[in-house]
Amino acid sequence: MELPFAESWKIKMIEPIRKSSREEREQWLAEAKNNVFQLKSEQVYIDLITDSGTGAMSDRQWSAMMLGDESYAGATSYYNMKEAVTRITGFDYVLPTHQGRAAENVLFSCLIKEGDVCPGNSHFDTTKGHIESRKAIALDCTIDEAKDTQLDIPFKGNVDIKKLEAALKKYHDRIPFIIVTITNNTSGGQPVSMENLREMRILANKYGKRVIFDSARFAENAYFIKTRETGYENRTIKEICLEMFGYADGMTMSAKKDAIVNMGGFFATNVKEWYDVAKVKGIVYEGFITYGGMNGRDMNALAIGLDENTEFDNLETRIKQVEYLGRKLDEYGIPYQRPAGGHAIFVDASKVLTHVPKDEFPAQTLTVELYLEAGIRGCEIGYLLADRDPNTRENRFNGLDLLRLAIPRRVYTDNHMNVVAAALKNIYDRRESITKGVKIVWETELLRHFTVELGRVE
């Protein structure tokens, strides 16, 4: 008999969580103005709002934290982190920041000016925010297949090479760089193939453009290349990572994902002139170049996390749990972005709440319903997150409208996934009765989904 799959770790420490009543949740959600970001953590039973900074660190990481060097300049912890980054990515210049969006802020402050166009594959919220706040354009060149959530193809996060070349021809002098997100979060945690990265690099060279990877989940992308792309099945994750980054000139990294730390990030490159200008901005915005908003203990933990999470067993355990939740939703007929992503399941709200109109935000409505049903907190990746068009100020309804269930690393068991699936089934079974959504009461100009206030449509 073939042995069933089991996790590649055992549990050493736990954190209690509690259930709540429907009445409590209704009150808490009303106080939060129907925005789950405004809920207190103790009001949540199973928290799938993000996998960023919410993972469980290993015993090696906790041990490394005790040896953190908190020197202001030249801390050994920085050099531990730098060595790990260089060994895994091949980039020699490493500038720490307190998290990924800070790395974007430091780098984009140097490279982007008003009127620029930054083509890529479905820029995530902070990336798009940093581009548009500088009065530049985040141009989505993702393959069209990504918009069909029920289409099951292995590399749904790919850049459309024809779209990218058209952009390079049309906006050539206005393009400071190409940015590729691995994995493609906005499109459902979908990976980018090595072949696609290689073709994109050839095109970038043809037009004399540099390439940046948004690398928060690069190790998960490498796992999918190993398991789905011909010719890589016998390569190690670390070998695949080196080839991936060989097609880029630099990277921004939220280490809160694939390095499994609670806080931290960095910008890394082999382009010295980029590093030289970025380190000045880093000192202004983040801190000195050998700590950049991070503690020594966190840099130590980051170095260990990068090493551990670029090993196959660790990634397999993590991604198979995401696949497990996907299979449960398959049993109940609940549509999501297929195939299952690397870090999350993205439920297709437009196919679940078919009676809720676009301008009443189906994915946010489903997010609210899931919390009320079982105290489970997800995150809308859809029309709210898309913000308004910076020129017309109209809501952008041309993308996908998804409920993201981001699974923290090494935190929940499959029993928790069973609860999530059952709660979604209960909502799915009564979906015909959900005909009203939510409306915006108050919003910010940029990145509104974090603080927006919403009312239920009567």
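Predicted model: local features only at pLDDT ≥ 70, side-chain atom pairs only at ≥ 80, totals over all residues.
Local features need pLDDT of at least 70, side-chain atom pairs count only at pLDDT 80 or more, and totals for chains, interfaces and linings use all residues. Residues are numbered from 1 along each chain as its sequence is written, and side-chain values use heavy atoms, leaving out hydrogens and water.

**View 1. Strand β5 is covered on both faces.** β5 runs parallel to strand β6 (residues 211-214), joined by 4 bridges (DSSP must find at least two for strands to pair). Val180 has Phe213 as its bridge partner in β6.

**View 2. Thr269 is buried in strand β8.** The strand covers residues 265-269. Thr269 counts as buried because its relative accessibility is 0%. A polar atom of its side chain lies 2.6 Å from the backbone oxygen of Asp249. Beyond neighbours within four places in sequence, Thr269 has contacts (heavy atoms within 4.5 Å) that include Phe91, Tyr93 and Trp274. Leu95 is 174 residues from Thr269 in sequence, yet 8.9 Å away in space, C-alpha to C-alpha.

**View 3. Val284 sits in helix α10.** The helix spans residues 272-285. Val284 counts as exposed because its relative accessibility is 60%.

Definitions and conventions. Buried < 20%, exposed > 50% of the residue type's maximum accessible area, 1.4 Å probe, protein only. Polar contact = N/O pair within 3.5 Å; in protein donor to acceptor, adjacent residues only side chain to side chain.
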